[in-house]
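Colleague: I would like to go through this model with you. Tell me what each term rests on before you use it.
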Amino acid sequence: MEATVNGLLNGSNVLFLMLGAVMVFAMHAGFAFLEVGTVTTKSQVNAFSKILTDWAVSTVIYFLIGYPLAYGTHFLHPAGALLGNSQGFELVRFFFLLCFAACIPAIISGGIAERARFYPQVLAGALFVGLTYPLFESLIWGQHSQWLQSMFERLGGAQFHDFAGSVVVHSMGGWLALPAVLFLGARQGRYVHGRSQAIPVSNIPFLALGSWILAVGWFGFNVMSAQQVTGISGLVAVNSLMALVGGVLFALVAGRNDPGFLHNGALAGLIAICAGSDIVHPLAAFFMGGFGSLIFVYGFKWEQEKLKIDDVLGVWPLHGVIGTWGGIAAGIFGQPLFGGMGGVTFISQLGGSLLAVAYALLNGFVIYGIIRKVFGMRLTAEQEFSGPDLAIHSINAYPEERVK
Amino acid sequence: MEATVNGLLNGSNVLFLMLGAVMVFAMHAGFAFLEVGTVTTKSQVNAFSKILTDWAVSTVIYFLIGYPLAYGTHFLHPAGALLGNSQGFELVRFFFLLCFAACIPAIISGGIAERARFYPQVLAGALFVGLTYPLFESLIWGQHSQWLQSMFERLGGAQFHDFAGSVVVHSMGGWLALPAVLFLGARQGRYVHGRSQAIPVSNIPFLALGSWILAVGWFGFNVMSAQQVTGISGLVAVNSLMALVGGVLFALVAGRNDPGFLHNGALAGLIAICAGSDIVHPLAAFFMGGFGSLIFVYGFKWEQEKLKIDDVLGVWPLHGVIGTWGGIAAGIFGQPLFGGMGGVTFISQLGGSLLAVAYALLNGFVIYGIIRKVFGMRLTAEQEFSGPDLAIHSINAYPEERVK
Amino acid sequence: MEATVNGLLNGSNVLFLMLGAVMVFAMHAGFAFLEVGTVTTKSQVNAFSKILTDWAVSTVIYFLIGYPLAYGTHFLHPAGALLGNSQGFELVRFFFLLCFAACIPAIISGGIAERARFYPQVLAGALFVGLTYPLFESLIWGQHSQWLQSMFERLGGAQFHDFAGSVVVHSMGGWLALPAVLFLGARQGRYVHGRSQAIPVSNIPFLALGSWILAVGWFGFNVMSAQQVTGISGLVAVNSLMALVGGVLFALVAGRNDPGFLHNGALAGLIAICAGSDIVHPLAAFFMGGFGSLIFVYGFKWEQEKLKIDDVLGVWPLHGVIGTWGGIAAGIFGQPLFGGMGGVTFISQLGGSLLAVAYALLNGFVIYGIIRKVFGMRLTAEQEFSGPDLAIHSINAYPEERVK
């Protein structure tokens with residue numbers, strides 16, 4: 001009887017986290033289609049290839065270096081030992097957390113689209129997933145979390161709370177992308193004589209498909225962050241839903257029915273809620289998501305029109321700034337005053353969120369700075385003109401059509 | 001030990017219903033792509049935007065009004081109280097049932113496509129999801145189900161049985177759509193001098209994608225209607241499969257290899273089986289689905305060619321009539337005579353199914369009648385000519401292409 | 001208490017296998033999109049229609065004949081008896097294994113694309129799923145597995161090990177496709193005066209979508225092959241992941257950044273790992289997948305350019321040869337020497353894998369030989385020129401566009 005219960009508990013936990021991993025793995029198809037729909041047609045093949053290649057490189061490097069760095073365990077034992085007596089729970093835990101780590105290059109990919117060289121960006125992704133990300137991860141979720149906790153306690157704050165990665169994943173990715181976008185410079189024709197000239201997106205259905213895939217998979221991202229089926233919380237699911245919905249509705253109004261803002265608004269809401277999804281009230285989640293959406297709509301316009309930064313998918317405002325907002329907002333709306341479950345402090349949330357920004361900018365400027373010097377980051381003008389699909393992959397997205 | 005078992009039971013139930021909710025949430029992407037593929041290119045952005053906006057509005061209104069109306073519980077407690085000691089099971093139950101409620105505007109959307117104004121249709125959806133639907137839901141699945149049951153008992157029938165919503169969801173949506181389609185009138189150029197002139201669909205791959213997404217998610221719709229993992233039934237899964245397959249094969253023959261009928265045939269079968277999926281034999285399910293498909297193929301042609309009703313996706317025959325068929329058929333094939341598990345009566349199934357038709361028509365004519373008077377339902381002729389994408393969203397589905 | 005645990009165990013097992021079934025069902029949409037993206041535009045509707053029709057026919061025939069043949073149980077009892085006291089576990093087991101069986105026509109479909117007649121190929125699929133496949137299945141996983149086991153034991157080998165179907169499913173499908181492709185001959189214009197002239201693929205985004213859907217669903221294919229939640233293994237999940245990733249990276253280099261090789265490389269890796277996914281080390285899985293990818297890249301070129309076999313999606317090297325490789329490789333990398341868990345022998349793995357090749361070729365040549373004589377397999381030259389979409393389905397994939 002006890003053996004049955006233990007077997008069922010082990011099996012259910014492995015299943016739980018495996019399902020989460022698969023759902024977040026599927027999100028990478030969402031990243032791909034979101035980028036494919038948003039870039040011009042001559043960069044679609046490149047978008048698919050970057051996402052899949054980055055995924056593959058991330059897996060290898062996080063398996064060998066990143067995960068051991070963050071959690072202190074490695075996988076260089078025989079298969080039988082890896083399986084252990086918990087049916088390989090640690091292995092699916094690696095899979096699940098890899099899916100988070102691999103979001104870093106996937107997020108950056110959307111910012112640097114259409115003009116970056118292929119292998120230098122793969123290399124940068126590998127360094128982030130192998131070193132930059134797991135070192136920060138170890139501070140928040142991993143083997144060095146005690147250290148950060150004691151630092152915040154000395155400041156009179158609670159432990160920094162980031163349930164599902166507004167800060168650890170999204171803000172990290174978005175703020176790492178900013179230096180890359182700045183180093184690369186704008187696409188040909190994006191700003192002419194100092195005037196912004198929008199480059200039209202290629203395919204709204206693919207953009208929408210990407211957003212839908214991401215939104216669906218996000219429930220695995222957030223809910224399975226409990227990591228044990230006995231720790232699952234229906235509150236996380238409904239808060240994710242409410243933030244998504246808040247993001248959609250605020251984007252609808254602020255973005256004046258624009259389908260791009262609408263479908264990115266869902267993502268904006270979801271990014272804003274990750275950190276606090278287990279502790280805030282659903283109505284608070286709605287407004288946290290809604291405000292995230294306003295950050296995206298106005299931040300995107302400000303970035304692109306005023307700052308003249310050609311961040312193609314707007315990943316800096318979307319993942320970077322909203323991720324930071326999500327970390328801070330958990331310290332506000334998580335309070336019992338707003339119907340939240342408490343246990344968080346504003347000071348720790350602010351501190352942890354800003355720490356991530358500084359750490360990401362530092363890593364981004366240094367690593368991209370070196371890569372730029374050593375390898376170069378940008379396609380030649382001719383390559384960019386013909387497009388990365390032809391220049392890098394020797395094919396375009398619709399070969400039959402182009403032949404005719 | 002007992003604590004472990006209870007924790008596992010709670011966690012498994014929340015996981016079960018959360019997975020169901022996510023699968024049905026994903027179906028809304030299916031609704032979107034089915035419509036996008038079926039309408040003309042100038043209405044694709046509008047299709048995506050309607051589905052996502054309706055989803056968002058439905059969430060808010062069903063959270064605040066609909067669910068409390070149907071089940072008598074509300075969510076205006078602090079987050080900790082919402083979580084309770086069942087790990088937020090009531091919250092995921094709301095999420096799961098919301099996914100059903102939100103099908104109402106998603107179904108209607110396909111009927112009124114290409115010429116409806118945006119906000120009036122959002123308003124109608126909100127009224128249906130906030131009032132019309134949950135009031136009927138409360139009679140069948142919710143806090144007033146005793147009342148309806150005693151009425152049927154007085155007529156000598158068993159309780160009305162609608163396991164997964166052939167009647168409550170699909171027929172409700174399809175019969176509510178009929179008044180809207182009638183009030184709106186046909187699209188420009190659909191019937192010329194009384195002659196039907198088919199408007200070609202834009203994109204079979206997107207239509208097929210929509211059908212596939214819907215079919216896959218439907219297993220969450222039907223199987224997770226058990227609402228508890230201990231109540232799961234493999235029979236529901238296989239009956240859904242067999243009805244889908246029956247729908248495909250009958251559509252293949254009746255529709256003469258047409259891919260539109262083929263992919264809608266899968267849906268026809270699935271709509272027909274929802275109500276009786278837990279009580280009929282798999283071979284009966286096959287024929288229930290197959291007959292559903294015949295209703296669609298011939299009903300669609302009759303509706304469009306003879307009645308000259310421009311119901312773009314054929315949602316009245318598909319969801320409305322087949323939903324009614326599903327409710328009634330459960331009263332036939334659910335009998336032990338046909339290998340079914342019994343416990344249903346023809347009279348109750350007929351009564352409940354027809355009640356839904358009358359209730360939906362009444363609500364549809366009244367609500368759309370008022371909205372039409374007060375706000376107007378249809379785009380201007382100029383707007384319709386340029387298409388809802390440009391008129392409402394100021395963009396079309398392939399902006400780069402149109403620029404060239 | 002014991003009743004609760006038993007109920008939970010039963011429910012969890014049904015849920016586990018149902019989720020696996022749904023994930024593998026979804027893979028059939030992946031087969032469809034992979035083919036749609038790879039064929040020319042005039043064959044896209046046909047690709048969708050074949051996959052869905054084959055699925056439907058497979059379901060009926062495997063329900064009535066195939067599953068009973070392989071496992072000795074049938075479903076011609078009343079619904080209540082089918083449900084039994086394990087909540088219909090046998091029914092979802094049928095559903096799960098059907099999803100495997102139905103891969104046979106889906107695999108073949110990609111090889112014979114663009115020039116095969118519709119109903120003869122449906123008939124061939126029905127014969128494979130009703131007879132050819134379940135007879136072999138019964139030897140490996142089913143009611144006659146003792147018989148094969150004792151044969152291998154006499155040869156001094158262990159039981160033939162094919163955890164998730166590298167051999168039973170993929171190699172069977174791929175080697176059955178070879179005779180069909182040979183009988184059919186190449187598409188018009190594929191080889192001109194003995195010179196190979198590549199026919200450009202139509203749509204890389206749909207090809208990539210297909211690959212992503214397949215890759216995501218594959219985790220259900222492999223992990224749920226445990227068939228019981230208490231038998232789940234995190235090792236299977238991570239080995240699938242590592243093989244996928246190995247496949248991608250080797251294809252990237254060998255295929256010189258080509259997106260077609262890249263996205264098929266993921267599948268190559270996954271096909272290679274099915275058989276041994278429960279017993280090899282993740283690093284071995286990486287190289288097993290990587291080598292699978294090399295087989296595809298070089299095998300595809302050799303098949304198409306040297307052998308001049310117009311196997312449109314390359315299903316013979318992809319599923320056939322790599323499936324065989326996967327069966328054999330499990331006998332190498334499954335050994336403790338390579339960090340594997342042992343219990344397999346090279347001789348049995350080689351024997352079982354080659355047995356499948358011989359059996360598939362025999363069945364393929366006989367069944368397609370008869371069908372070719374009796375019905376004819378190929379479209380007329382005029383039909384092929386206008387394309388199967390118009391010739392068979394009287395519509396093309398983008399009807400609105402063609403009208404203009």
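Modeller: Contact means heavy atoms within 4.5 Å. By that rule, the contact between chain B and chain C takes 56 residues from chain B and 59 residues from chain C.

Colleague: What should I know about the model and its numbering?

Modeller: This is a predicted model, where local features need pLDDT of at least 70, side-chain atom pairs count only at pLDDT 80 or more, and totals for chains, interfaces and linings use all residues. Residues are numbered from 1 along each chain as its sequence is written, chains are lettered from A and ligands numbered from 1 in the order in which they are written, and side-chain values use heavy atoms, without hydrogens and water.

Colleague: How do you know what confidence chain A has?

Modeller: pLDDT is the predictor's confidence in each residue, from 0 to 100. The mean for chain A is 97, and 100% of its residues reach 70 or more. For the complex, the predictor gives an ipTM of 0.98 and a pTM of 0.98.

Colleague: Why are chain A and chain B said to be related as by a three-fold rotation axis?

Modeller: Copies are superposed by least squares on the C-alpha atoms of residues with pLDDT of at least 70 in both. Chain A goes onto chain B with a turn of 120°, a shift of 0.0 Å along the axis and an RMSD of 0.0 Å. The two copies are therefore related as by a three-fold rotation axis. In chain A, the C-alpha nearest the axis belongs to A:Val5, 4.1 Å from it.

Colleague: How do you know that the copies meet through different surfaces?

Modeller: Only 12% of the interface residues of chain A are also interface residues in chain B, so the surfaces differ.

Colleague: What area do chain A and chain B bury between them?

Modeller: Buried area is the accessible area (1.4 Å probe) that two parts lose on being put together, summed over both. Here that is about 4,600 Å², 82% of it on carbon and sulfur atoms. A:Pro205, A:Trp212 and A:Asn257 supply 15% of the area that chain A buries against chain B, more than any other three residues.

Colleague: At what angle do α6(A) and α14(A) pack?

Modeller: Helices are DSSP runs (H or I, at least four residues), numbered from the N terminus. Axes are lines fitted to C-alpha atoms over the stretch in contact, and angles run from 0 to 180 degrees between N-to-C directions. On that scale, α6 (residues 118–140) and α14 (residues 346–374) of chain A pack at about 145°, with axes 11 Å apart.

How values were computed:
Helix = DSSP H or I, 4+ residues; strand = E, 2+ residues; numbered from the N terminus.
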